[in-house]
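Q: Please give a close account of a single residue in this model and of the part of the fold around it. Where does it sit, and what surrounds it?

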Amino acid sequence: MRAAVQAVVPWLRGEADQPERSVLAAAVRLSLRTLEQIAPGRSVEVRVPPFAAVQCVEGPRHTRGTPPNVVETDARTWLELATGALDWTDALDGARVTASGTRADLSPLLPVVRF
């Protein structure tokens with residue numbers, strides 16, 4: 001995961017062009033899997049379309065329809081959150097992430113990797 005995310009760090013810092021889709025997808029997917037490992041559970045669904053969605057955080061399990069606790073954002077915003085380059089509150093205030101539900105605050109779980 002660390003190597004996959006490291007490959008996109010220059011882009012996140014504004015030092016390089018957007019990486020190829022496969023490189024970006026690997027960074028998103030592997031960092032989301034790390035979030036799953038840090039916070040196992042099924043009460044929150046974290047979506048980063050079109051690359052991945054995971055369920056995490058202990059609590060009531062969701063089984064059908066739209067989950068009650070959903071976090072959704074784009075790949076760049078997720079990777080900035082995952083690396084600590086963007087603060088959770090700033091992402092919410094800037095409408096870069098949507099979070100619904102009482103368990104949808106990921107701030108205690110972020111960042112998932114530091115550089």
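A: Threonine 34 has its place in helix 3, a helix here being a DSSP run of H or I of at least four residues and a strand a run of E of at least two, both numbered from the N terminus. The model is a predicted one, in which local features need pLDDT of at least 70 and side-chain atom pairs count only at pLDDT 80 or more, whereas totals for chains, interfaces and linings use all residues. Residues are numbered from 1 along each chain as its sequence is written, and side-chain values use heavy atoms, with hydrogens and water left out.

The relative accessibility of threonine 34 is 14%, so the residue counts as buried (under 20% relative accessible area; exposed is over 50% and partly exposed in between, with a 1.4 Å probe and protein chains only). Residues up to four places away in sequence not being counted, threonine 34 touches Met1 and Val112; contact means heavy atoms within 4.5 Å.

Helix 3, which spans residues 21-38, also meets helix 4, and their axes come within 10 Å and cross at roughly 50°. These axes are lines fitted to C-alpha atoms, for helices over the stretch in contact, with angles from 0 to 180 degrees between N-to-C directions. Helix 3 and helix 4 are therefore oblique to each other, the class left when angles under 35 degrees (roughly parallel), over 145 (roughly antiparallel) and 65 to 115 (roughly perpendicular) are set aside. The crossing of helix 3 past helix 4 is left-handed, that is, the near helix is turned anticlockwise from the far one by less than a right angle. On the side of helix 3, Leu24, Ala27, Val28, Ser31, Leu32 and Leu35 take part in the contact, and they meet Ala75, Trp78, Leu79 and Ala82 of helix 4.

Helix 4 is largely enclosed by the rest of the structure, because 8 of its 9 residues are buried. Those residues are Ala75, Thr77, Trp78, Leu79, Glu80, Leu81, Ala82 and Thr83. Besides helix 3, they pack against helix 1 (2-6), helix 2 (9-12), helix 5, strand 1 and strand 3.

Glutamate 80 belongs to helix 4, residues 75-83. With a relative accessibility of 9%, glutamate 80 counts as buried. Its contacts, apart from neighbours within four places in sequence, are Leu12, Ala85, Leu86 and Arg96. Arginine 76 lies over the face of tryptophan 11, at 4.5 Å from the ring centre; the criterion is that NZ of Lys or CZ of Arg is within 6 Å of the ring centre and within 35 degrees of the ring normal.

Proline 49 and proline 50 are joined by a cis peptide bond with omega about 0°, and proline 50 lies in the loop between strand 1 (44-48) and strand 2 (52-56). A cis peptide bond with omega about -5° joins leucine 110 and proline 111, the latter in the segment after strand 4 (97-100). Valine 57 has a positive phi, near 70°, although it is a residue other than glycine; it is found in the loop between strand 2 and strand 3 (70-73) and is buried, at 16% relative accessible area. Alanine 95 likewise is a residue other than glycine with a positive phi, near 60°. It lies in the loop between helix 5 (88-93) and strand 4, and at 65% relative accessibility alanine 95 counts as exposed.
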